Amino acid sequence: MLQVLVWWVILTLLGWAAWPLGFRLFGRLPGRGYAFSRALGLLLASYLLWAGASLRILQNDLGGITLSLLSVAAVSLWLLLRPAGSLPEMRAFVREHWRMLAAAELLFALAFAAWALLRAGAADKIMPAGGEKFMEMAFVNGILNSRQFPPLDPWLSGYAISYYYFGYVMIALLARLSGAAAGVAFELNDALLFALTLLGAFGLVYDLAAASRASRRGSTLAGLLGALLAAGVGNLQGFLEVLYARGWLPAGFARWLAVPGFPEQAQVTGTFDPGSFFGWAWRASRVLNDLDLAGKPVPYQPITEFPAFSFLLGDNHPHVLALPFALLAAGAALQLHLTALQGGRLRFGQTAWMGLLLGALIFLNTWDYPIYLGLALLAWLAGAYAAEGALNLRQAWQAARLGLALAGWGLLFYLPFLTGFSSQAGGLLPYIFPPTRLAQYLVMFAPFIFVLALFLPASLARQNPGSARPFTLRRCLLWWLRLAGGLAAFFGLLLALTALVLALDGARGGQLNAALAPYLGGSLREAARQALLQRLSSPWLFLLLSALITLAAAGVWSAPRSPTDGARQPADPGLLFARLLALTGLALTFLVEFVYLRDGFGLRMNSVFKFYFQGWVLLACASAYAAWWLVARLPRSSPLRTAFLVGGAALLLAGLVFPLAGVSSRTNGFTTPLNLDGTSNLRRENPDDWAAIDWLLEHGREDGQPPLLLEAPGASYTYAGRISAFTGYPALLGWAVHEMQWRGSYAVQGAREGEIAEIYTTPDPGQALARLRALGVRYVILGGPEREYIRQQCSLPERACSPAQAEAKFDSALITAFRQGSVTVYRVP
């Protein structure tokens with residue numbers, strides 16, 4: 001547990017080293033970027049290490065890390081001590097805002113320590129099923145074994161990782177800097193991400209409230225509520241699961257909700273214990289039930305994860321790794337908004353820095369980049385419009401230049417990654433299936449929708465009392481009609497384009513037609529007709545979200561005016577940006593009702609996943625500000641304020657059920673010994689495999705280079721690829737289907753599957769040795785998974801072989817380098 005303190009010290013020093021730079025970059029924010037400083041420091045140090053190792057200037061070792069850290073500190077020191085430095089201003093800021101700084105420090109320390117305790121008590125840590133931790137550990141260990149970048153792929157030898165791996169560079173950096181084993185670093189990183197997410201949400205909402213001239217106490221409380229809503233509460237499925245387990249939720253109502261697996265897989269126990277985390281909590285991360293045009297559930301249901309679930313699960317997956325830096329990007333968007341609102345201009349260097357911060361999302365979780373780039377541009381445009389009262393060609397040109405500059409810098413800074421990155425993404429497709437049911441959407445987002453449904457109209461109504469041009473219900477209706485018409489036209493155009501693409505695809509062999517045929521149920525024309533009928537028969541989610549989006553857009557683009565002479569009043573920057581967050585978050589969850597990104601699954605599973613996850617974060621921060629606004633701005637006697645306090649408190653308590661029950665389920669009530677090593681379960685259950693892993697880590701490298709392994713490949717979410725994953729040494733093949741998802745092709749994997757099968761099953765020792773030498777394999781693994789693999793391959797009619805025959809073959813042709821129990825490591829002579 002000493003590593004908890006070591007990591008806290010490292011991140012605190014990183015934050016302090018980066019804050020002078022953040023103090024300047026976020027100079028218009030009330031909090032001056034302090035809450036973002038740890039994320040900023042980690043990002044910059046990791047970027048310098050990665051860029052240096054990619055350009056062969058640095059090596060990915062302790063020396064390279066030290067130079068990267070010193071470079072960040074040197075820039076900050078120069079900003080402090082130069083003639084027009086920031087040191088006097090920073091001293092004055094600390095004296096004036098020490099309570100906010102203390103609150104931020106206390107929040108980070110408590111969150112990090114508490115979540116490290118939870119990870120130490122988690123009953124099942126890194127397991128092949130129930131997540132992608134094997135994959136993530138393979139990436140971390142592969143990066144630790146790569147002197148320079150791009151890092152080697154442990155599951156496809158000879159190739160670099162084809163995935164957004166920047167977050168794993170950060171884990172490896174912290175592991176090496178702290179001296180923590182990879183398994184310990186894996187668990188501590190989950191605690192770190194949780195604490196950084198809370199801190200980032202706190203800082204963003206604090207800045208919003210302070211920009212709206214809230215008191216320091218009010219700003220701090222709003223920030224703490226933002227942290228809670230962003231990562232400390234869950235959706236309402238946890239509340240429903242607990243009610244059902246206790247016997248207080250009618251089974252008929254549960255069946256009407258039609259959440260996949262609920263209540264069929266739930267049990268009434270008469271207690272408040274809903275059962276296994278991988279049962280009830282997993283259902284909370286899959287609350288949408290998509291149906292095809294025939295009314296049957298689609299094979300791949302949408303993923304509806306939210307931060308509290310992801311942190312409890314403990315996966316260091318890119319959507320989680322990027323979360324603190326998405327909030328950092330939101331802070332950068334707020335800085336742009338305030339700059340435009342206050343009539344400022346961005347200098348060349350500031351634009352480059354913003355491009356670096358926003359562009360990091362390309363490398364962390366590519367899905368997030370267009371979201372936050374779009375938010376930044378909208379923030380600038382909304383600020384410029386509020387400052388001048390109208391949109392004109394000059395503002396549009398400035399926004400276009402800014403967008404090109406930010407995108408250009410982002411692409412330039414992360415070009416080494418982009419040149420070697422491939423993806424399975426295959427363009428946009430229209431979502432023609434029945435729309436999301438309103439009830440299931442509210443299970444996911446009800447607390448946020450409730451708050452925003454009160455806040456958006458109330459803030460508009462109070463914005464222009466007595467104005468010569470009040471924002472009336474009639475004007476809102478006109479805005480809504482334009483939005484609905486635009487969406488209908490967009491969907492129709494998308495259907496037409498899809499029909500054209502399908503026609504062209506049919507002329508070239510029809511791969512896309514073949515992929516979509518099972519879901520269309522006939523022609524695209526008939527599918528479009530049915531889609532239209534489905535939307536007309538179930539319009540409730542469309543009506544709700546389009547109405548809220550209309551109100552949020554009206555709030556962003558309407559100008560506050562004096563009730564006496566109609567003159568423009570200064571805009572409230574916090575209020576404007578909160579509406580912009582609400583608008584973006586609502587739009588993300590609405591967009592997947594019309595379009596999704598085609599991938600290897602062919603459905604909107606991943607599009608909902610990525611957009612709902614970021615939608616949650618943005619809606620949480622907007623709702624925290626909205627809660628402060630409703631309490632602070634409405635009269636105490638207002639029925640609306642009372643309704644918010646009662647309804648909001650009830651929904652908040654319902655949302656808190658998920659993390660409270662989740663902590664208990666995930667740790668089995670802390671009945672197991674505390675242990676921060678994520679590999680401890682596997683070590684205990686597979687001692688022979690881990691003895692082989694330890695031997696390879698100590699003796700396997702030759703001339704400082706990782707050796708090439710041969711072990712049994714296998715399906716995703718299985719024990720296959722365990723030796724390469726936990727040594728970081730490259731194997732011929734690991735999780736083959738995952739490799740296809742990352743690269744968009746199965747050609748190499750398919751060829752290697754045949755070669756691996758031949759080596760393990762051929763009865764000829766000479767032939768096996770020749771193939772191993774030709775492939776450059778240094779070590780061959782023979783353990784439980786390999787024997788099972790050989791049995792499966794030998795069951796084919798054309799093969800007559802057995803695990804015993806394979807062992808005898810390897811004993812005669814290879815050198816036994818290590819043997820314990822059921823596991824043997826052979827060296828190829």
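**Rings and pockets**

Modeller: A search of the whole structure finds 65 aromatic pairs. Rings of Phe, Tyr and Trp (its six-membered ring) pair if their centres lie within 6.5 Å; planes under 30 degrees apart count as stacked, over 60 as edge-to-face and the rest as tilted. This is a predicted model, where local features need pLDDT of at least 70 and side-chain atom pairs count only at pLDDT 80 or more, while totals for chains, interfaces and linings use all residues. Residues are numbered from 1 along each chain as its sequence is written, and side-chain values use heavy atoms, with hydrogens and water left out.

Biologist: Is the pair of Tyr-47 and Trp-50 stacked, tilted or edge-to-face?

Modeller: The ring centres of Tyr-47 and Trp-50 are 5.7 Å apart. Their planes are at 50 degrees, so the pair is tilted.

Biologist: Is Trp-50 buried or exposed?

Modeller: Buried means under 20% relative accessible area, exposed over 50%, and partly exposed in between (1.4 Å probe, protein chains only). Trp-50 has a relative accessible area of 0%, so Trp-50 is buried.

Biologist: What type of aromatic pair do Phe-277 and Phe-278 form?

Modeller: The centres of Phe-277 and Phe-278 are 5.6 Å apart. With 85 degrees between the planes, the pair is edge-to-face.

Biologist: Which residue has its charged end over the ring of Phe-277?

Modeller: A charge sits over a ring if NZ of Lys or CZ of Arg is within 6 Å of the ring centre and within 35 degrees of the ring normal. Here the charged end lies 5.5 Å from the ring centre, and the residue is Arg-666.

Biologist: Which element gives the largest share of the lining of the largest pocket?

Modeller: On a 1 Å grid over the protein atoms alone, a pocket is an open set of points where a 1.4 Å probe fits, with protein on both sides within 12 Å along at least five of seven lines; lining residues have an atom within 4 Å of a point. The largest pocket is lined by 50 residues. Helices (H or I, at least four residues) and strands (E, at least two) are DSSP runs, numbered from the N terminus. The largest share of this lining, 6 residues, comes from α26.
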